[in-house]
Amino acid sequence: MTTTTTTTTTPRPAPPGVRWPLVGGVAVALAVTVWAALGIEFTLAPLFTDTLRGQRIIAQFLDPDWSYVVRVLPAWVETLSIAVVASVVGCVLALGAAMLASRVTAPGTVVYQLAKAVLSVVRSLPDIAYGLLFVAAVGTGALGGIMALVLFNLGIAAKLTAETIDAVDPGPLEAADAAGGNRVQRAARAVFPQIAPSYLSYCLYVFELNIRASVVIGLVGGGGIGNVISVELSRFRYDRLAALVVALFVVVFAIDQLSRAVRRRLV
Amino acid sequence: MITFSDVRVTYPNGVRGLDGVDLTIPDGEFVVVVGLSGAGKSTLVRTVNGLVPVTSGRLEVDGRRVDGAGRRELRAIRAGVGMIFQSFNLVKRASVLDNVLMGRLHDTPTWRSVLGVPRAADRELAFAALERVGIVEKAYTRASELSGGQQQRVAIARVIAQQAGVVLADEPVASLDPPTANQVLRDLKRIGGELGHTTVVNLHFLDMARRYADRIIGMRAGAVVFDGSAEQADDAVFEEIYGRSLTADDVLLR
């Protein structure tokens with residue numbers, strides 16, 4: 001049964017018109033996608049036609065050479081050492097940089113702006129770019145890897161720490177000022193105790209990242225297990241690679257879990 | 001001695017904090033500043049150690065000019081002026097002892113502060129200060145684990161350790177319950193007497209002001225509208241300072 005309402009109320013508002021900018025935007029995105037795919041002659045064909053060629057590789061991959069993982073133990077140790085040294089050096093530098101890059105602790109607006117700008121430049125390069133840069137500068141080996149990771153860590157840890165400093169309780173800072181302390185004393189006695197747990201947590205986080213990043217940096221000549229992977233890849237030893245990849249997964253996962261457990265206790 | 005001569009403070013947002021204040025506070029006096037919130041009590045106290053800069057006029061603390069003082073000069077002035085805050089301003093994660101040691105910053109080399117290795121003499125001063133406020137056994141407790149009253153006592157110990165001649169207290173009992181507030185003011189008064197502090201306290205409870213003050217300064221709209229002894233400050237005077245009749249909210253007890 002239908003009921004008809006005869007009482008006319010105010011006229012209903014007309015729906016808004018088509019949002020042409022949105023339609024245009026989607027159309028442009030589609031066009032760019034098609035153009036890009038055509039440009040690189042994108043096709044899924046090799047997935048079907050070339051699978052047989054990959055059969056041998058996959059077979060090797062499924063038969064990992066586990067003993068190799070242990071044979072390259074020194075390389076694993078080197079990767080861990082690179083990560084540890086880079087984390088410690090990077091985080092110590094980051095604490096100083098963060099103090100300069102926060103309005104709360106910076107000695108002046110000029111220093112603050114400058115520190116912010118430098119840090120954002122440091123962050124703009126990815127880890128592998130630093131790897132290529134330092135391996136070219138100091139040659140292959142752990143030193144180049146460490147230097148690359150130090151800069152990578154500095155960028156991340158300093159930004160996170162500076163943001164934490166921005167948010168500290170200003171009360172103790174006022175007390176330090178009122179007691180006649182100088183800027184450095186205020187940073188050390190009123191700011192640092194407040195940010196210490198977060199800062200340590202960032203250091204551990206950066207260490208987690210370093211385990212992964214040190215492999216990538218090893219690929220470009222920065223030493224450690226990444227170097228081994230790079231060599232085995234060029235020798236087509238997929239059985240060894242498979243074992244290394246699985247071992248890497250286990251190591252990274254274990255360190256992440258450990259670091260996370262410690263971090264939870266910190267904050 | 002603290003001397004204000006026609007001191008004016010205008011905040012960057014245009015708000016007038018102090019409007020031509022003339023005051024002389026002799027050594028050893030326990031002065032309570034009363035007034036409604038926004039009357040300039042807090043500004044008055046905070047100009048003394050330069051936390052709020054003076055816009056015009058002349059302000060001297062023990063013969064040193066606070067107005068126009070540079071960073072180094074300001075630190076030297078602040079070394080002689082301790083401060084207690086409404087929200088205690090302790091580093092909550094740090095130990096009570098570390099908080100009290102903050103009072104020694106003005107006389108501590110920067111490297112010692114950075115490495116956290118205070119001089120033995122300064123540690124002893126800090127312990128003695130804690131003893132005076134009766135919580136020396138809490139020295140290694142985290143400040144956050146103490147009650148509000150205990151935290152304010154730590155802040156008082158910080159001022160004692162500073163060995164300053166002038167003590168400023170900006171609403172020191174506003175976040176405390178009545179019995180604790182009385183206890184804290186009693187401590188302030190007793191310690192100020194023992195150590196010869198010149199104490200300037202902001203309060204907004206009339207009964208507390210009358211009970212503890214040697215001298216009451218009433219403020220309204222950035223100006224001093226009453227300056228006299230606690231006995232002279234009767235209800236009529238407070239109504240004059242507050243610009244309205246008194247209510248139950250104006251007293252702490254009852």
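**Briefing: salt bridges, a charged network and a nonpolar patch**

Residues 2-246 of chain B are 37% helix and 24% strand, and the end C-alpha atoms of this span lie 31 Å apart. The UniProt annotation "domain: ABC transporter", from an unreviewed entry, covers these residues of chain B. The model is predicted. Across all chains, a search of the whole structure finds 33 salt bridges.

**Salt bridge in chain A**

- D177(A) pairs with R186(A) in a salt bridge. Their closest N and O atoms are 3.0 Å apart.
- Both partners, D177(A) and R186(A), are buried.

**Salt bridges in chain B**

- R8(B) and D6(B) join their side chains in a salt bridge, at 3.2 Å from N to O.
- R8(B) has a relative accessible area of 30%, so it counts as partly exposed. D6(B) is partly exposed because its relative accessibility is 36%.
- D19(B) and R16(B) form another salt bridge, with 3.2 Å between the closest N and O atoms.
- D19(B) is at 28% relative accessibility and therefore counts as partly exposed. R16(B) is at 45%, so it is also partly exposed.

**Network in chain A**

- Shared partners link salt bridges into one network of E208(A), R212(A), D256(A), R260(A) and R263(A).
- Side chains of opposite charge can pair when their charged atoms come close.
- D256(A), a member of this network, lies in helix 12 of chain A, which spans residues 238-266.
- How is D256(A) placed, buried or exposed? Its relative accessible area is 9%, so D256(A) is buried; the cut-off for buried is under 20%.
- Which residues does D256(A) contact, leaving aside its neighbours within four places in sequence? They are E208(A) and R212(A).

**Nonpolar patch in chain A**

- I40(A), F42(A), L44(A), L47(A) and F48(A) make a nonpolar surface patch.
- Where does L44(A) lie? L44(A) is in the loop between helix 1 (20-39) and helix 2 (45-49) of chain A.

Methods. Residues numbered from 1 in each chain as written. Chains lettered and ligands numbered in written order. Predicted model: local features only at pLDDT ≥ 70, side-chain atom pairs only at ≥ 80, totals over all residues. Heavy atoms only, no water. Salt bridge = Lys/Arg side-chain N within 4 Å of Asp/Glu carboxyl O. Buried < 20%, exposed > 50% of the residue type's maximum accessible area, 1.4 Å probe, protein only. Helix = DSSP H or I, 4+ residues; strand = E, 2+ residues; numbered from the N terminus. Contact = heavy atoms within 4.5 Å. UniProt positions renumbered as here; feature names shortened; annotations may be inferred. Patch = residues over 30% accessible without salt bridge, like charges linked within 9 Å, V, L, I, M, F, W, Y side chains within 5 Å. Areas by Shrake-Rupley, 256 points an atom, 1.4 Å probe, with all protein chains shown as cover.
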